Amino acid sequence: MKVLAINGSPRKNGNTALLLHEALAPLLEAGWDVESVQLGGKKIQGCRGCGKCAELKNGRCVFDNDILNELLQKMLAADAMILGTPCYFTDMSAELKALVDRAGYVAYVNGGLFQGKIGAAVVAAGRAGATHAYDSINHMFLMSKMLVPGSTYWNVGFGHAEGEAAKDAFALENMRHLGRAIDWLGKAVIPYMAEYPAA
């Protein structure tokens with residue numbers, strides 16, 4: 001089983017990365033193929049609403065001059081994905097928003113390419129607004145017919161300075177539980193992925 005973690009924070013070693021690392025640790029221990037990708041700070045444009053992905057139906061975005069199609073292929077190859085972001089004005093980073101809009105739409109108009117996959121959102125916040133960012137990511141998962149596991153609380157950690165979320169013991173345990181929940185869910189459903197109701 002393969003899990004892909006995407007860090008939407010431009011801080012490669014910031015609080016978002018720290019929380020993702022905690023969530024991935026139980027999956028690594030359980031034998032999952034774990035891959036982490038740095039998205040924040042990379043070149044990625046927003047969706048232009050051109051509709052070419054719906055017209056061509058080739059599972060790709062027609063704009064191939066940034067990281068989107070490379071990441072989309074990784075998302076399609078994964079059984080589970082964890083999308084992480086810092087909280088910017090109560091929402092996800094611009095890079096992650098571009099990924100969610102474009103990858104989500106390509107998957108949607110090409111027959112539901114994400115259906116049955118496991119999706120989890122992780123948010124690092126300095127103070128407030130994390131729940132909205134968390135919901136924004138989950139909206140794409142739910143519209144894509146993905147499976148969203150719960151945990152002991154919202155998948156949120158608090159810290160402003162780099163590494164400060166390491167002091168949020170409640171968040172760290174939540175992330176570790178999230179990893180265990182993804183492992184449990186994956187073992188339960190992945191053998192039956194082909195039977196997922198398409199409509």
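The side chain of N7 reaches the backbone nitrogen of S9 at 2.9 Å. That is a polar contact: a pair of N or O atoms within 3.5 Å, where, within protein, one must be able to donate a hydrogen and the other to accept it, and residues adjacent in sequence count only if both atoms are side-chain atoms. The model is predicted, so local features need pLDDT of at least 70 and side-chain atom pairs count only at pLDDT 80 or more, while totals for chains, interfaces and linings use all residues. Residues are numbered from 1 along each chain as its sequence is written, and side-chain values use heavy atoms, with hydrogens and water left out.

N7 belongs to strand β1 (residues 2-7). Helices (H or I, at least four residues) and strands (E, at least two) are DSSP runs, numbered from the N terminus. Is N7 buried or exposed? N7 is buried, because its relative accessible area is 5%. Buried means under 20% relative accessible area, exposed over 50%, and partly exposed in between, with a 1.4 Å probe and protein chains only. Setting aside residues up to four places away in sequence, N7 touches K12, T16, A17, L20, V37, Q38, L39, G40 and G84. Contact here means heavy atoms within 4.5 Å.

Leaving aside neighbours within four places in sequence, N69 is in contact with R60, C61, F63 and D64. D64 sits in the loop between α2 and α3 (68-77). A polar contact of 3.0 Å joins the side chains of D64 and R60. Y153 is 89 residues from D64 along the chain, and their C-alpha atoms are separated by 38 Å.

Next, the cysteines. A disulfide is a covalent bond between the sulfur atoms of two cysteines. The rule used here asks for a pair of cysteine sulfur atoms within 2.5 Å. By this rule the count comes to zero disulfides. C53 counts as buried, at 10% relative accessibility. C87 is buried as well, with a relative accessible area of 16%.

Now the empty space. Rolling a probe the size of a water molecule over the atoms shows where empty space is left. On a 1 Å grid over the protein atoms alone, a cavity is a set of points where a 1.4 Å probe fits but cannot get out; a pocket is an open set with protein on both sides within 12 Å along at least five of seven lines; lining residues have an atom within 4 Å of a point. Grid points are joined across faces, edges and corners, and a volume is the space filled by probe spheres set on the points.

By this rule there is one cavity of 30 Å³ or more. The largest cavity holds about 110 Å³ of space. Its lining has 13 residues, of which C47, C50, C53, C61 and R102 lie nearest its centre. Both α2 (52-56) and α4 supply at least two lining residues each. The largest share, three residues, comes from α4.

The largest pocket has a volume of about 260 Å³. It is lined by 15 residues, and R11, P86, G126, G159 and H160 are the closest to its centre. The elements giving two or more residues to this lining are α1 (15-29) and β4.

Helix α5 (residues 130-143) has 14 residues and reaches 20 Å from its first C-alpha to its last, close to the 20 Å expected at 1.5 Å a residue. The expected span is 1.5 Å times one less than the number of residues. An α-helix has 3.6 residues a turn, so residues three or four places apart point the same way. In α5 the buried residues include A130, A133, S136, I137, M140 and F141. The buried residues of α5 pack against β3 (80-86), α4 (94-109), β4 (118-125) and β5 (156-158). Just after α5, K145 takes a positive phi of about 60°.

Helix α6 (residues 169-189) contains E173. E173 is partly exposed, with a relative accessible area of 34%. The C-alpha atoms of E173 and L28 are separated by 16 Å, though the two are 145 residues apart along the chain. The 21 residues of α6 should span 30 Å at 1.5 Å a residue, and its end C-alpha atoms are 30 Å apart, which agrees. Buried residues of α6 include L172, M175, L178, I182 and L185. What covers the buried residues of α6 includes α1, β3, β4 and β5.
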